[in-house]
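Visitor: I'd like to learn how to read a structure like this one feature by feature. Could you walk me through it, general idea and then the case at hand?

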Amino acid sequence: MFARARAALAVIETYDQARVDRLIRAVAWAVANRSSFHRLVEMGIEESGLGDFDSRMNKRMKIRGVLRDALRSPSVGIIEEDAEKGLVKYGKPVGVIGCVVPTTNPDLTPAGNAIYAIKARDVVVFSPHPRSKHTTFETVRLMREALEAEGAPADILQCIELPSLAASQEIMQRADLVIATGGQGLVRAAYSSGTPAYGVGAGNATEFVDETADLRETARNCALSKTSDFGSGCSADGNVLVPAARYREMLEALQAEGGYLATADQRAALQAVMWDAEGHRLPDTVAVSPQKLARAAGFDIPSDSRFIVVEGDGIAEDRQFCKEKLTTLMAVHAYEGGFEDGVELAKKLYDIGGKGHSCGIASTDDAHIDYFARHMPVSRIMVRQPNSKANAGSFTNGMPMTSSMGCGTWGGNITSENVSLRHYLNTTWVSRTIAEDRPSDEELFGDFYDAALESADTAAATR
């Protein structure tokens with residue numbers, strides 16, 4: 001496979017901008033048209049047992065967003081010029097990319113990876129998750145057909161048919177770059193492969209509410225975020241932090257959006273089926289409907305309930321409900337005191353899990369938003385938006401479209417950005433001379449500058 005990948009790389013490296021732009025349109029349409037994506041979504045849910053059909057279907061809009069961003073950026077030849085600094089930058093391929101695909105996005109992730117990779121004139125070898133391998137393989141097959149129809153090598157995109165840990169490790173070692181979207185064990189394996197890698201961090205998205213928030217709007221955003229694909233995404237709201245004085249009102253607003261408020265006994269039963277005695281997340285309740293989650297815990301909820309709400313029982317290492325849920329359940333926590341006290345509690349929550357990933361803030365106070373941004377150890381903050389539909393880019397914000405979100409050194413990643421086209425490129429900087437740009441010592445050192453210490457006589461006297 002790698003021999004074929006290198007041969008395909010030698011071809012795509014010769015393509016001009018118009019050629020790669022046509023190719024990314026072709027591969028994107030092959031997957032993102034309603035008919036094909038409908039079939040892939042059904043296939044993925046049946047194969048993995050995870051996810052919600054309607055939410056998954058909406059993800060084809062993300063492919064359109066990735067394509068939009070890719071088409072708007074140059075990637076061949078000169079991609080940036082700065083005449084004042086005498087700099088010209090040229091885009092070059094990074095080479096063969098090993099992309100590890102998560103079971104929660106067996107169709108979206110390969111499509112997004114392929115669009116950015118082809119735009120950068122890279123080739124890709126995909127390693128699918130064993131639980132959804134047939135869906136990923138079919139997604140790649142459709143894109144390979146589109147490449148062939150355009151006279152390009154199908155081997156620009158390849159997918160192993162029999163995924164295994166050994167195969168993934170081999171891909172990581174042989175590739176020029178690894179893009180690892182998945183669990184922390186996978187990301188650590190990518191970073192230890194000896195190959196440059198972009199990984200993602202653990203999520204534990206939290207919505208922070210202040211006293212200025214519109215609670216109906218906030219509850220609606222939380223519900224949209226939580227119910228998307230049964231809460232499988234790392235950006236799905238897991239926690240809501242709300243002032244104590246507005247706590248009951250927030251619970252009522254969430255119930256008005258279809259949240260089922262669990263009793264204390266039901267909360268205990270839910271904890272038993274979501275985490276084991278050591279606090280490890282149990283897989284059978286990941287990305288399931290709220291009705292299925294409730295039945296697993298031994299009780300029933302109305303058929304029109306969209307998600308389950310539990311009252312937070314504290315923020316600490318031994319309190320599971322402040323951690324990542326990855327299903328249709330969120331916890332609501334009250335904070336005492338003022339806004340700054342709430343921010344300190346939010347920071348404590350992220351010390352327990354999710355540091356570096358993302359959070360939202362429901363506020364109309366720009367000073368609060370600024371304070372929050374300055375203090376929170378996260379890579380992205382969404383203001384009055386549904387986190388899981390906004391973090392990775394949307395048509396109503398300016399975040400780069402992606403399915404892979406770096407979490408910075410907080411989350412053990414090399415980047416805190418949304419992984420997008422610029423991360424699929426090597427860049428050659430060409431520098432020409434400019435008029436000398438050398439500030440005086442007085443300008444550079446300010447009040448610390450002492451001309452006497454720079455004199456030759458002073459230097460001689462101190463030897």
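Visitor: Let's start with charged pairs. Which side chain does Arg 6 meet in a salt bridge?

Guide: The general idea is that side chains of opposite charge can pair when their charged atoms come close. In this model, which is a predicted one, Arg 6 meets Asp 176 in a salt bridge, at 2.8 Å from N to O. The pair links distant parts of the chain, with Arg 6 in helix α1 (residues 2-12) and Asp 176 in the loop between α8 (165-174) and β6 (177-180), 170 residues apart.

Visitor: Are those two buried, exposed or partly exposed?

Guide: Arg 6 has 37% relative accessibility, so it counts as partly exposed. Asp 176 comes out at 28%, so it is partly exposed too.

Visitor: How many salt bridges does the structure hold?

Guide: It holds 22 salt bridges. Another one to look at joins the side chains of Glu 257 and Arg 306, at 3.8 Å from N to O. This pair also links distant parts of the chain: Glu 257 sits in the loop between α11 (247-256) and β10 (259-261), Arg 306 in the loop between α13 and β11 (307-311), and they are 49 residues apart. Here Glu 257 counts as buried because its relative accessibility is 19%, and the cut-off for buried is under 20%. Arg 306, with a relative accessible area of 33%, is partly exposed.

Visitor: On to rings. How many aromatic pairs are there?

Guide: A pair of aromatic rings is described by the distance of the centres and the angle of the planes. The count here comes to seven aromatic pairs. In one of them, the rings of Phe 208 and Phe 372 have centres 5.0 Å apart and planes at 35 degrees, so the pair is tilted. Phe 208 belongs to strand β8 (residues 206-209) and Phe 372 to helix α15 (residues 366-375), so this pair ties together parts that are 164 residues apart in sequence. Both Phe 208 and Phe 372 are buried.

Guide: Compare that with Phe 339 and Tyr 371: their ring centres are 5.7 Å apart and their planes at 65 degrees, so the pair is edge-to-face. Phe 339 is in helix α14 (residues 339-352) and Tyr 371 in helix α15, 32 residues apart. Phe 339 is buried at 5% relative accessibility, whereas Tyr 371 is partly exposed at 23%.

Visitor: Which residues form one aromatic cluster?

Guide: Phe 208, Tyr 335, Phe 339, Tyr 371 and Phe 372 do.

Visitor: Now a whole helix. What does α5 pack against?

Guide: Helix α5 (residues 60-71) has 12 residues and reaches 17 Å from its first C-alpha to its last, close to the 16 Å expected. Its buried residues include Ile 63, Val 66 and Leu 67. The buried residues of α5 pack against α2 (17-32), α3 (34-48), α4 (53-58) and α6 (108-119).

Visitor: And the backbone? Where does Asp 229 lie?

Guide: Asp 229 lies in the loop between α10 (215-227) and β9 (239-243). Its phi is near 50 degrees, a positive value in a residue other than glycine. Asp 229 is also buried, with a relative accessible area of 1%. Ala 287 has a positive phi too, about 55 degrees, and is not a glycine either. Ala 287 is in the loop between α12 (264-274) and α13 (290-296), and it is buried at 2%.

Visitor: Last one: which residues form a nonpolar patch on the surface?

Guide: Leu 444, Phe 445 and Phe 448 form it, with about 410 Å² of accessible area together. Leu 444 sits in helix α17 (residues 441-445) and counts as exposed at 54% relative accessibility.

Notes:
Residues numbered from 1 in each chain as written. Predicted model: local features only at pLDDT ≥ 70, side-chain atom pairs only at ≥ 80, totals over all residues. Heavy atoms only, no water. Helix = DSSP H or I, 4+ residues; strand = E, 2+ residues; numbered from the N terminus. Expected span 1.5 Å × (residues − 1). Buried < 20%, exposed > 50% of the residue type's maximum accessible area, 1.4 Å probe, protein only. Contact = heavy atoms within 4.5 Å. Patch = residues over 30% accessible without salt bridge, like charges linked within 9 Å, V, L, I, M, F, W, Y side chains within 5 Å. Areas by Shrake-Rupley, 256 points an atom, 1.4 Å probe, with all protein chains shown as cover. Salt bridge = Lys/Arg side-chain N within 4 Å of Asp/Glu carboxyl O. Phe/Tyr/Trp six-rings, centres within 6.5 Å; stacked < 30°, edge-to-face > 60°.
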